[in-house]
Amino acid sequence: MIQVRQLTKNYGGTLAIDKLDFHVEKGEIVGFLGPNGAGKSTTMRILAGSLSATGGEAMVGGVDVFNDPRKVKSMVGYLPEFPPLYTDMTVRGYLLFCARIKRAQDPSAAVEKVIDQVGLTDVAHRLIDHLSKGFRQRVGIAQALVHSPKVLILDEPASGLDPAQRVEIRGLVKGLSDGETTVILSTHV
C-alpha cells in the first residue's frame with residue numbers, strides 16, 4: 001500500500017530525512033517512534049501529499065505522491081499533530097463541511113457513520129470550541145476518516161492527552177484496523 005525509497009528532505013542546510021526506505025502492506029498499523037525532530041512529521045506530510053521531498057520516491061496505493069498529489073490526497077486521511085479545527089462550528093457541521101470538501105459519496109451518511117465510529121454521538125451538536133482536548137482529537141480523527149480513505153496518517157494522535165484519553169485514542173485506532181485501512185501513526189512516547 002505504501003512504498004518509500006531513498007526518501008530525502010532538506011530544509012536549507014538541515015537534513016530532516018536521509019534516504020529513508022520502508023513499505024507498509026494493506027491493512028497494517030505501523031508506528032513511527034522517535035524523538036522530536038527525527039523526521040516523523042515531515043515523512044507523514046510528504047506521504048499525505050502536503051509537502052514535497054528533496055529526493056527519493058513515495059507511492060501510496062500505486063500512485064506517485066509527487067506526480068499526482070491530488071489523487072493521493074483522495075486516498076489518504078490525514079490528522080496533523082495540531083488539527084486545524086473550526087472551533088466556531090458544531091461537530092456535525094464541521095464534519096459535513098469536511099465530507100463535502102473531500103467529496104465523500106454521500107456526505108450526510110458519511111458524517112453520521114464517522115460520528116458513531118469515533119464516539120462523537122453525544123457531542124455532535126456542540127460547538128468544537130466547547131469540547132475537551134480528547135473530544136477535539138476525536139473530531140480530528142473523524143475528519144481524517146470521513147471520506148473512507150484507504151490510508152490513515154495520524155501524527156501524534158495522543159499528544160497532550162491525559163493517560164485515560166491516550167488509552168481511548170489507542171483503542172479507537174486499533175478499532176480502525178479492518179484489514180482494509182492502512183494506518184501510520186507517530187509518537188515520541
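1. Helix α3 (residues 91-101) packs against helix α5 (residues 133-145) at an angle of about 25°, and their axes are 9 Å apart. That makes α3 roughly parallel to α5, a label for angles under 35 degrees. Axes here are lines fitted to C-alpha atoms, for helices over the stretch in contact, with angles running from 0 to 180 degrees between N-to-C directions. Helices (H or I, at least four residues) and strands (E, at least two) are DSSP runs numbered from the N terminus.

2. This is a predicted model, in which local features need pLDDT of at least 70 and side-chain atom pairs count only at pLDDT 80 or more, while totals for chains, interfaces and linings use all residues. Residues are numbered from 1 along each chain as its sequence is written, and side-chain values use heavy atoms, with hydrogens and water left out.

3. The crossing of α3 and α5 is right-handed (the near helix is turned clockwise from the far one by less than a right angle). On the α3 side the contact (heavy atoms within 4.5 Å) is made by Val-91, Tyr-94, Leu-95 and Cys-98, and on the α5 side by Val-139, Ala-142 and Gln-143. Six of these residues are nonpolar, one is polar and none is charged. Ala, Val, Leu, Ile, Met, Phe, Trp, Tyr, Cys and Pro count as nonpolar, Asp, Glu, Lys and Arg as charged, and the others, Gly among them, as polar.

4. α5 also packs with helix α6 (residues 163-175), at about 20° and with the axes 10 Å apart. That makes α5 roughly parallel to α6. The crossing is again right-handed. Gly-134, Gln-137, Arg-138 and Ile-141 of α5 meet Gln-165, Glu-168, Ile-169 and Leu-172 of α6, a contact of three nonpolar, three polar and two charged residues.

5. For α3 and helix α4 (residues 107-117) the angle is about 125°, with the axes 9 Å apart. The two are therefore oblique to each other, the class left after under 35 (roughly parallel), over 145 (roughly antiparallel) and 65 to 115 degrees (roughly perpendicular). This crossing is right-handed. From α3, Arg-92, Leu-95, Leu-96, Ala-99 and Arg-100 meet Pro-107, Ser-108, Val-111, Glu-112, Val-114 and Ile-115 of α4. The contact has seven nonpolar, one polar and three charged residues.

6. Which residues lie nearest the centre of the largest pocket? They are Lys-73, Cys-98, Ile-101, Lys-102 and Gln-143, among 19 lining residues. A pocket is an open set of points on a 1 Å grid where a 1.4 Å probe fits, with protein on both sides within 12 Å along at least five of seven lines; lining residues have an atom within 4 Å of a point.

7. The largest pocket holds about 630 Å³ of space, a volume being the space filled by probe spheres set on the points. α2 (69-75), β6 (76-79) and α3 each supply at least two lining residues; α3 gives the largest share, four residues. By class the lining has 10 nonpolar, five polar and four charged residues.
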